[in-house]
Structures are given as C-alpha cells and as structure tokens.
Amino acid sequence: MQRPSVKAFFDEATYTITYIVSDPATSRAAIIDPVLDYDAASGRTSTVSADAVIGYLEKNGLGVDWILETHVHADHLSGAPYLQDRLGGQTAIGARVTAVQETFKGVFNLADLATDGSQFDRLFSDGDAFAVGDIEGRVMGTPGHTPACITYVIGDTAYVGDTLFMQDFGTARTDFPGGSASQLYASIQKILSLPDDTRLFMCHDYKAPGRDVYAWETTVATQRDENVHINKTVSEQEFVAMRESRDRELGMPRLLLPSIQVNVRAGQFPDPEDNDVRYLKIPLNAV
Ligand SMILES: N[C@@H](CCC(=O)N[C@@H](CS)C(=O)NCC(=O)O)C(=O)O
Ligand SMILES: [Fe+2]
C-alpha cells in the first residue's frame with residue numbers, strides 16, 4: 001500500500017484540521033479542508049492559517065495538484081481560493097454540492113448563485129479515482145452530516161471529513177439540511193470496511209471527556225473497537241436514536257451563517273456593492 005506523508009495544521013479557533021498529503025517520490029501534494037481565518041465581531045478575514053500551509057509547501061519543495069473539500073463546511077470559511085491563487089492546483093468537492101447550493105440559495109436569497117457546482121474545478125462522485133503524484137486516490141460518498149460529504153482515500157490514509165470523530169468523542173451531527181443519521185451510519189460502515197490499519201484523519205477535534213490534548217489521527221481497527229457512538233455493540237437503530245437526540249441539544253456552530261454563504265461559492269466572497277465593499281447576509285429568524 002502506498003504511504004503518503006501527512007502534515008496536519010490544527011485551527012484552534014474552529015477546531016478544524018487542515019492536511020497536506022504528499023507523495024514523497026514526486027513531491028506533489030493535496031491540501032484538504034484549508035481554513036481562512038475570520039473574526040466575526042469585526043468581519044475581518046486573515047490568512048495566517050493559509051500562509052502556514054504555503055510556508056510548509058515552500059519549505060518542503062511541494063507542488064499542489066489538488067485543493068480538496070470534504071464538504072461545504074458550516075463552521076469555518078474555506079481558504080481554497082486564496083491558496084489556489086498562490087499555488088495553483090484544482091479545487092474539488094462532492095458532486096452533491098448542488099443539493100447544498102440549492103438549499104442555501106433559498107435560505108440566503110442568493111439570486112446570482114449558480115447551483116451546478118461550477119464554482120469548483122472538479123466534482124467527485126462515489127468511486128471516482130484521482131492521484132496525488134503517483135499515489136492513487138479514491139472517493140467514497142459518505143453522506144449523513146450533509147448530503148454532499150465525501151471521504152478521500154489516498155494510499156493507506158483516509159480523510160473522513162465530518163463522519164467519525166476521534167473514538168472517544170464519537171460522530172458528527174446530522175441535523176443540517178439534508179443530513180441523516182441513518183445515512184451517516186451507513187457511511188461509517190463504508191469507512192470501517194477499509195483495511196484495519198488504514199490511517200484515518202479527522203476533520204475536527206473538540207477534545208473529549210478526560211482528554212486534554214487535541215487529537216486527529218486514528219485507524220479503522222481502533223474506531224471499530226472503541227468509538228463511543230458506533231462500535232460493534234451498537235445497532236443502527238440505537239445509533240440513530242442516540243444521534244437524533246444528541247443533535248437536538250447542539251447549538252448552531254458559531255460561524256455557520258458566514259461560512260455557508262461563502263463556502264457554497266467554493267470560498268469566494270460575494271461581489272462588491274457599488275461602494276466596493278463586499279457584504280455577507282444575516283437572515284433574521286429564518287434558520
Ligand atoms: N462549537 C463548535 C461546534 C461546531 C459543530 O457543530 N461541528 C459539527 C461539525 S461541522 C459537529 O458535528 N459537531 C459535533 C458535536 O459538537 O457534537 C462551533 O461553534 O464551531
Ligand atoms: Fe461539518
């Protein structure tokens with residue numbers, strides 16, 4: 001099995017992990033789930049997190065083939081456009097992003113939003129193949145958290161997005177539009193059918209009761225044996241009941257409203273108004 005190098009960047013403001021996955025033989029890389037820093041109080045963005053990714057690529061002489069999103073994130077703005085401007089590479093996301101665009105075009109009344117996924121260079125469906133240098137990549141459709149969620153399997157590694165979290169925390173919420181606890185259950189079974197020693201990389205970590213350091217790497221075998229939500233003693237019915245009741249208790253992600261309206265445009269901001277300023281919208285009493 002081909003073994004890519006994996007470098008993780010943890011963003012403590014949104015608990016997001018961005019990865020650089022690279023092929024040591026060719027020095028080609030993919031960036032997965034890059035973050036654009038955003039201060040909600042001031043409406044200011046900054047590129048500290050994205051610049052750290054660029055610094056690592058430069059220091060290690062890595063060229064970028066892909067800038068990959070596991071899903072339309074609801075908790076941080078994507079750094080993909082900034083990184084693509086500076087580094088090249090193709091942006092990609094799951095093909096069912098079109099369903100997410102349809103939903104939020106309505107919520108935010110975005111008359112100019114194309115809902116065909118054309119903001120991304122490549123739309124991936126379940127089973128699609130790609131490559132990072134000479135290392136083979138494969139896409140698994142893993143809906144549940146959102147309808148468009150995908151997992152990227154690259155060599156002996158998999159980037160599972162918001163499906164599984166670390167085994168001591170559990171699984172992702174399923175209460176966003178088009179989310180489904182039973183679909184998430186099926187998607188997680190797909191991930192757990194990968195070889196036992198597959199290295200699994202999480203999209204977020206919120207620590208867990210009794211753990212005071214952040215963590216994001218685990219394996220299929222560990223998840224299958226130890227995940228507190230979905231180990232082999234939990235039936236699908238039990239999982240769905242647990243997930244749905246837990247989802248009812250969760251508050252909205254802090255950056256949900258800014259994140260969604262930027263990320264459905266592949267991370268591009270809305271066009272400037274006639275004073276040259278770009279604005280985001282806050283729908284009142286609608287979400
Ligand atoms: N406190 C975080 C929560 C973000 C959140 O809801 N994360 C989603 C993934 S986008 C999730 O599945 N969380 C699971 C949980 O909080 O139990 C924030 O405000 O950003
Ligand atoms: Fe998410």
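## The shell around ligand 1

The shell around ligand 1 divides into 4 nonpolar, 2 polar and 4 charged residues. Here Ala, Val, Leu, Ile, Met, Phe, Trp, Tyr, Cys and Pro count as nonpolar, Asp, Glu, Lys and Arg as charged, and the others, Gly among them, as polar. The shell residues are T14, A74, D75, D162, A172, R173, H204, L250, P253 and R254. A residue is near the ligand if its C-beta atom, placed from the backbone, lies within 6 Å of it.

This is a predicted model: local features need pLDDT of at least 70, side-chain atom pairs count only at pLDDT 80 or more, and totals for chains, interfaces and linings use all residues. Residues are numbered from 1 along each chain as its sequence is written, and chains are lettered from A and ligands numbered from 1 in the order in which they are written.

## Helix α1

Helix α1 covers residues 48-59. Helices (H or I, at least four residues) and strands (E, at least two) are DSSP runs, numbered from the N terminus. S49, A50, V53 and L57 are buried in α1. Buried means 20 or more other C-beta atoms within 10 Å of the residue's own, exposed means 12 or fewer, and partly exposed lies in between; C-beta atoms are placed from the backbone. Seen down the axis of α1, the buried residues fall within an arc of 100°, so they line one face. The arc is that of the directions from the helix axis to the C-beta atoms.

V48, G55, E58 and K59 are exposed on the other side of α1. Just after α1, G61 takes a positive phi of about 60°.

Conventions. The expected span of a helix is 1.5 Å times one less than its number of residues.
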